[in-house]
Each structure stands twice: as C-alpha cells, then as structure tokens.
Amino acid sequence: MSAPDEEPGNAQAPEPADDLGSAELPRSLGPPGAASSNNLPLQRYIVVEGPIGVGKTSLAKRLATTLDAELVLEQDAQNPFLERFYKNPKSGALPAQLFFLFQRAQQLGSLKQQDLFAPRRVADYLFEKDRLFAGLTLDPAEMALYDQVASRLDVDPPRPDLVLYLQAPVETLLSRISRRGISYESGIDAAYLSRLNDAYARFFHAYERAPLLIVNAANIDPTQNQADYDELVGAIRRMKKGRMYYNPLRHGTI
Ligand SMILES: Nc1ncnc2c1ncn2[C@@H]1O[C@H](COP(=O)(O)OP(=O)(O)OP(=O)(O)O)[C@@H](O)[C@H]1O
Ligand SMILES: [Mg+2]
C-alpha cells in the first residue's frame, strides 16, 4: 500500500503550499502567551489524530489544560482483547476491534453535537479511526461483519472544529512507543506502523469533514518543549478553513 501522490503522508516533506509556518516565522505571529484567555483558539472541539505513538494523548492533555477544555481520551487500556491481538493479530483482531467499536460509539455518541453552550473539548481520537484500523487488522469476512455491526450502531459523532493530524516516520514512532514502555506494545513492528502510516495518509487525503491541520511532528516535542508548544498553538490560532500544513523547521546545530 502506498500513499496517493505522496500527499499528505510524507512526514518529512509536507507540501509547502498553505504552509502555516515554521520556526522561522516572526515571533509576533505566535501566541504571546499560549494560556492567556483572550488568545484562546476559536475552535471549540479539537481532535488530535495520527498513528500509534505519535503523541496524540500527550498533546491532547496539554491542549485541554491550556484551553480549560474537557478531555476526551480513547480508553485503550480498558480493552481486554488488545494484548491478545498483539500476541496473535489474526485471531485477536475481531474481538479487539468490536470492543473498540462499542466503546467509542458509546463515548462519542454520548457527546452532543457542539453548540455554543457545549464545553470546549479536546479529544485524542476521531471515531473514524476505528474503521481505519479495522481495514488493517480484519480479513474480508470479518470486515463485512464489522461493517454490519457499525451500521446498526448508527453513531453520529460530533463534527470537530479542527483536526490536528500528527505525522512522524516509522522510526520515530517506534522509539516513542518503546519509551512509553507498555509491555504488550513491544510486538508492534515497523511493517505494521508503515501500513498504518499509509492508511492514515490515504484517510486524510480524502478527509473533508472538518478543517485539517497536518503537523510534521517528527522533530518537535510540543508536550515537553515550551517554544514548540507555543508555536503550534499559534498555528492552530491562525488556522482557518480547509487543509493547512504546519512544518516547523528546526535549526541545525553544528
Ligand atoms: N514529540 C515528542 N517527542 C518525544 N517524545 C514524545 C513526543 N510526543 C510523545 N512522546 C512520547 O511518546 C510516547 C507516546 O506518546 P502518546 O502516548 O501521547 O502517543 P499516542 O499518539 O497517544 O499513542 P496511541 O495511539 O498509542 O494512544 C510517550 O512516551 C510520549 O511521552
Ligand atoms: Mg494515546
């Protein structure tokens, strides 16, 4: 499987068009203080997405603190079938996938469509990710069953005001996953992550449900590094409609 037209899947070289900035942007374009309330981004419902280990949860938590927003987190640790899936992907995929489907349908289905009175929210997953993973892990007969169940559930998840799609190359994902140190994740290999990266690239290539900010997250650490975080929040604030790229360039050190 390969990404269509190299867009938007190539984490190293997102397209320069619509580039929302780099580390070389004038400082005045960035947020003077990311947490100051009159500088809050306008988007009320922000979703952080991207492949395993790219940093969705860490970033979503930090954004939720800055925005004083409700945090909506995927509850992967509660899936009793996940460990079995990583040990034996063929036989373990269907129960793991169905558990996630019900769990996510319940969690996101309970959120009302965003309106003026809804709380600000930051989520670390899109409902659509469930089918994206199913497409990678299930065989055709299992997929048909999954689709039948999903259509019966008829979930109508709220539409995000902004989706941040974090991208990073496979080696970066592997090293972040190993740093996180969840034992059953040690079975995640480069081939699976590569297929996942391709699937995300294809999915977001066609995604039009919400404004999309494609972030090259390979060389930044917005969770730990204040300047990286402030610049990213600045890009979120400048984000308007459609699809934009945020490709921060780190100055090389000699
Ligand atoms: N930009 C970064 N630079 C370095 N390490 C990072 C960065 N972002 C996240 N990490 C670390 O990588 C690990 C994975 O991050 P996190 O759990 O937030 O990823 P995730 O995208 O939510 O993964 P999953 O899809 O499995 O839930 C954590 O140990 C986190 O501290
Ligand atoms: Mg996570």
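Helices (H or I, at least four residues) and strands (E, at least two) are DSSP runs, numbered from the N terminus. This is a predicted model, in which local features need pLDDT of at least 70, side-chain atom pairs count only at pLDDT 80 or more, and totals for chains, interfaces and linings use all residues. Residues are numbered from 1 along each chain as its sequence is written, while chains are lettered from A and ligands numbered from 1 in the order in which they are written.

**View 1. The protein chain holds 8 helices and 6 strands.** Along the sequence they follow the pattern β-α-β-α-α-β-α-α-β-α-α-β-α-β. Of the 254 residues, 36% are buried (20 or more other C-beta atoms within 10 Å of the residue's own; exposed means 12 or fewer, partly exposed lies in between, and C-beta atoms are placed from the backbone). Two residues are in contact if their C-beta atoms, placed from the backbone, lie within 7 Å. Among contacts between residues at least 6 apart in sequence, 81% join residues at least 24 apart.

View 2. Two strands pair if DSSP finds at least two bridges between them.

**View 3. Strand 1 is mostly covered.** Buried residues account for 5 of its 5. Tyr45, Val47 and Glu49 point one way, and Ile46 and Val48 the other. In a regular strand the side chains alternate between the two faces of the sheet. Strand 1 runs parallel to strand 3 (residues 121-123), joined by 3 bridges. Here Tyr45 stands opposite Arg121, and Ile46 opposite Val122. Strand 1 also runs parallel to strand 4, joined by 4 bridges. On that side Val48 stands opposite Leu164.

**View 4. Helix 4 (residues 129-137) has buried residues.** They are Lys129, Asp130, Ala134 and Thr137. These residues lie on the same side of helix 4, because they cover an arc of only 140° around the axis (taken from the directions from the helix axis to the C-beta atoms). Their cover includes strand 1 (45-49), helix 3 (89-109) and helix 5 (140-153).

**View 5. The shell around ligand 1 has 17 residues.** A residue is near a molecule if its C-beta atom, placed from the backbone, lies within 6 Å of it. Gly55, Lys56, Thr57, Ser58 and Arg176 come nearest. Helix 1 (56-67) and helix 6 (170-180) each supply at least two residues. By class, 4 are nonpolar (Ala, Val, Leu, Ile, Met, Phe, Trp, Tyr, Cys and Pro), 7 charged (Asp, Glu, Lys and Arg) and 6 polar (the others, Gly among them).

**View 6. Asp68 and Asp154 each have a positive phi.** Most residues other than glycine have a negative phi. Asp68 lies in the loop between helix 1 and strand 2 (70-72), with phi near 55°. Asp68 counts as exposed because it has 11 C-beta neighbours inside 10 Å. Asp154, with phi of about 50°, lies in the loop between helix 5 and strand 4 (162-167). Asp154 is exposed too, with 8 other C-beta atoms within 10 Å.
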